[in-house]
Amino acid sequence: MGPATRTSGFRRWRRTRPFWGGLGILVGAAVVLAIPFVTLRIGELVVSLSTPGGSAATLVAAVLACCGCAAWWRPEFKTATGVIAMIAALVAVVTTNLGGLIIGSLLAVLGAAATLAWTPTPRSPRADPRP
């Protein structure tokens, strides 16, 4: 099995599901989960965002990760997956350090919107405007 066959197989797999939406949800989940547990050292100064919201971040990130994986492996549930991911991303803004400093929630909301917008039918070819 050559590299071209693997690439075309992945391309075929990717086109049959909301790939980019699921990826956005998964990256958003990673950011929401990472922010409360990051400790930044600047010389002698230690900046830590560890808060009681860490447990909420873990829960919200787990829900988002499940939604991202479900979008990839069960595309027929794209509507439920997108709605649940959208709600979880908006809940993250309130419960987890502004949803991963807004970045994580924004990525998850965009991924959920892309998942909801995805259609399994191929696009129809455009009409040729030339006579």
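Tutor: Contact means that heavy atoms lie within 4.5 Å. This is a predicted model, where local features need pLDDT of at least 70, side-chain atom pairs count only at pLDDT 80 or more, and totals for chains, interfaces and linings use all residues. Residues are numbered from 1 along each chain as its sequence is written, and side-chain values use heavy atoms, with hydrogens and water left out.

Student: Which pattern does the protein follow along the sequence?

Tutor: The protein has 6 helices and 2 strands. Both are DSSP runs numbered from the N terminus (helices H or I, at least four residues; strands E, at least two). Reading along the sequence gives the pattern α-α-β-β-α-α-α-α.

Student: What percentage of contacts between residues at least 6 apart join residues at least 24 apart?

Tutor: Take the contacts in the protein between residues at least 6 apart in sequence. The share of them that joins residues at least 24 apart is 72%.

Student: What percentage of the residues of the protein count as buried?

Tutor: Buried means under 20% relative accessible area, exposed means over 50%, and partly exposed is in between (1.4 Å probe, protein chains only). The protein has 131 residues, and the share that counts as buried is 31%.

Student: Which residues does Ala29 contact, leaving aside its neighbours within four places in sequence?

Tutor: Ala29 is itself one of the residues of the largest nonpolar core. With those sequence neighbours left aside, its contacts are Ala61, Leu64 and Ala65.

Student: How are α2 and α6 oriented to each other?

Tutor: Two packed helices are described by the angle between their axes and the distance between the axes. Axes are lines fitted to C-alpha atoms, for helices over the stretch in contact, and angles run from 0 to 180 degrees between N-to-C directions. Helix α2 (residues 19-34) and helix α6 (residues 103-117) have axes 7 Å apart, at an angle of about 160°. Angles under 35 degrees count as roughly parallel, 65 to 115 as roughly perpendicular, over 145 as roughly antiparallel and the rest as oblique, and α2 and α6 are therefore roughly antiparallel.

Student: What is the handedness of the crossing of α2 and α6?

Tutor: A crossing is left-handed if the near helix is turned anticlockwise from the far one by less than a right angle, and right-handed if clockwise. For α2 and α6 the crossing is left-handed.

Student: How do the residues of the contact of α2 with α6 divide?

Tutor: The contact includes Gly21, Gly24 and Gly28 of α2 and Gly104, Ala108 and Gly111 of α6. Ala, Val, Leu, Ile, Met, Phe, Trp, Tyr, Cys and Pro count as nonpolar, Asp, Glu, Lys and Arg as charged, and the others, Gly among them, as polar. The residues divide into 9 nonpolar, 8 polar and no charged.

Student: How many nonpolar, polar and charged residues has the contact of α4 with α6?

Tutor: The axes of α4 and α6 come within 8 Å and cross at roughly 165°, which means that α4 is roughly antiparallel to α6. Their crossing is left-handed. Residues in this contact include Lys78, Gly82 and Met86 of α4 and Ser105, Val109 and Leu116 of α6. By class there are 12 nonpolar, 4 polar and 1 charged.

Student: Which residues does Gly82 touch, not counting residues up to four places away in sequence?

Tutor: Gly82 is found in helix α4 and is buried, with a relative accessible area of 0%. The C-alpha atoms of Gly82 and Ala112 are 4.5 Å apart, although 30 residues separate them along the chain. Gly82 touches Ala112, Thr115 and Leu116.

Student: What is the relative accessible area of Ile102?

Tutor: Ile102 lies in the loop between α5 (97-101) and α6. Its phi is near 70°, a positive value in a residue other than glycine. Ile102 counts as partly exposed, at a relative accessible area of 43%.

Student: Which residues is Thr16 in contact with, leaving aside its neighbours within four places in sequence?

Tutor: Thr16 is in the loop between α1 (3-15) and α2, and is partly exposed at a relative accessible area of 40%. Its C-alpha atom is 9.1 Å from that of Trp72, 56 residues apart along the chain. The contacts of Thr16 are Pro75 and Trp118.

Technical notes: Core = buried A, V, L, I, M, F, W, Y, C linked by side-chain atoms within 4.5 Å.
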